[in-house]
Amino acid sequence: MKVRSLKKDKVNIITLGCSKNMVDSEVLSGQLLANDIAVVHENAKLDHNIVVVNTCGFIDKAKEESINTILDQVALKQKGKLDKVYVTGCLSHRYRTDLEKEIPEVDAWFGTMELPLILKELEADYKAELLGERMLATPKHYAYLKISEGCNRTCSFCAIPLMRGAHVSRPIEDLVKEAEGLVKKGVKEVMLIAQELTYYGLDLYKKRQLPELLNQLAKVSGLEWIRLHYAYPSKFPIEILDAINANPNVCNYIDMPLQHASNNMLKAMKRQITREEMEALIGAIREKSPGICIRTTLITGFPGETREDVEELKDFLRRMRFDRVGIFTYSHEENTTAYELEDTIPAEEKEARAQEIMEVQQEISLEKNQEKIGHIFKVIVDKKEAGRYLGRTEFDSVEVDNEVVINTDRKLEPGQFVQVKITKAYDYDLEGDLITEWSQIESYNQTRKT
């Protein structure tokens, strides 16, 4: 097969899965740029000759998407439109041996922690001094900040430790330096991500140090919003809320995956917490940080889940009235402890249960949104779509939460903060009128949590 030749390599990075994968891709692209290698993310022009597919291996649907993407790129290579196809990320890490046999057309496979090896294959040098240097794949006004890698938890359904290893925290000073660099690039909002945020610091400092990290990041000039994702409920360090309350630029928002509410399921999932303890924790969080937005994720269809368990989960949602809820159907993953259990619930039933539970949350979400009508919120402008500007409040993370439709004739820019008076509420979105550009950020910060 004749392959087209290019005078200079151009690498296209395709990222699948979670925001942690996105950060890995951004770091890889930063290293390539430092080696004078042209690099793009999700390039639709097809003017590149090398592809790196950063895969997800978390659940069945993600694995299927990863494999299909690899096959698509291999097909382009076979047609002479690509010179090389490389694969990295979680799927590659977990199933490399099998994949090498099944898809031999891929030029090389890499695990999740093999950045120097990828660079070597691309004839680039790993530059350790490029701390936090990334080519952002997100719009320039927000970015993800990965504060640790791996996980020490032993949840029975989860394969992440198999792919990402044990928990390793990054030093506070490194994270602050990276945040400062992101702000210089125009970033206004950073979302702290990890497999398990609340474990941060135990390995490096022998104690949980997320509150101290928040306090230090909050001092970064120009960083308007800091948002917390993936906090584990068991042994939750309540002092995190002191840092949220003390720092106006730390969003009054926390993402805490609970996975279920039935004690039978929580025990089977090895979540190290009971429903009663979760309810007490949610109550304590709301008492300490009134008005906080709590996002959670749930799993339906875990082996042994009964109708009673589903009803209990629905009752839990009605009692707790979470602001945001995401839901997954159980995926039977090899080498997890839950894999020893029989996966007897049909896929259609898992989906039906997920829909049933989300209908409960949909009603709660609409009621909570309706309560916002008439109120004014600080909103970050994300984009213009179909002639209307879309943004978010501090209570909404990008892509997974509510959006605010901003009604205005004025020209707005992505990353701009504005005041919006809410006039309409929908199940998962809000609509409102632009009041004025927000020029008194300090004044707002002093009053927003009272």
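Colleague: At what angle do helix α2 (residues 60-78) and helix α3 (residues 90-102) pack, and how far apart are their axes?

Modeller: In this predicted model, α2 and α3 pack at about 80°, and their axes lie 11 Å apart.

Colleague: Why are α2 and α3 called roughly perpendicular to each other?

Modeller: Angles from 65 to 115 degrees count as roughly perpendicular. The angle here is about 80°, and α2 and α3 are therefore roughly perpendicular.

Colleague: Which residues make the contact of α2 with α3?

Modeller: From α2 come K63, S66, I67 and I70, which meet L91, R94 and Y95 of α3. By class, these residues are four nonpolar, one polar and two charged. Tyr counts as nonpolar, so Y95 in α3 falls in that class.

Colleague: What is the strand order of the six-stranded open sheet, and how are the strands paired?

Modeller: The order is β6-β9-β10-β11-β12-β13, with parallel pairing.

Colleague: What makes β6 (142-146) and β13 (324-329) edge strands?

Modeller: Each has a single partner strand, so one side of β6 and one side of β13 lack a neighbour in the sheet. From one strand to the next, the twist averages 20°.

Colleague: How do you know that β12 (residues 293-300) and β13 pair?

Modeller: Pairing requires at least two bridges. β12 and β13 share six bridges in the parallel sense, so they count as paired. T300 stands opposite T329 in β13.

Colleague: What lies across β12 and β13, and at what angle to β13 does it run?

Modeller: Helix α13 (residues 347-370) lies across both, running at about 175° to β13. Angles over 145 degrees count as roughly antiparallel, so that term applies to α13 and β13.

Methods. Residues numbered from 1 in each chain as written. Predicted model: local features only at pLDDT ≥ 70, side-chain atom pairs only at ≥ 80, totals over all residues. Heavy atoms only, no water. Helix = DSSP H or I, 4+ residues; strand = E, 2+ residues; numbered from the N terminus. Axes fitted to C-alpha atoms, helices over the stretch in contact; angles between N-to-C directions. Contact = heavy atoms within 4.5 Å. Parallel < 35°, antiparallel > 145°, perpendicular 65-115°, else oblique.
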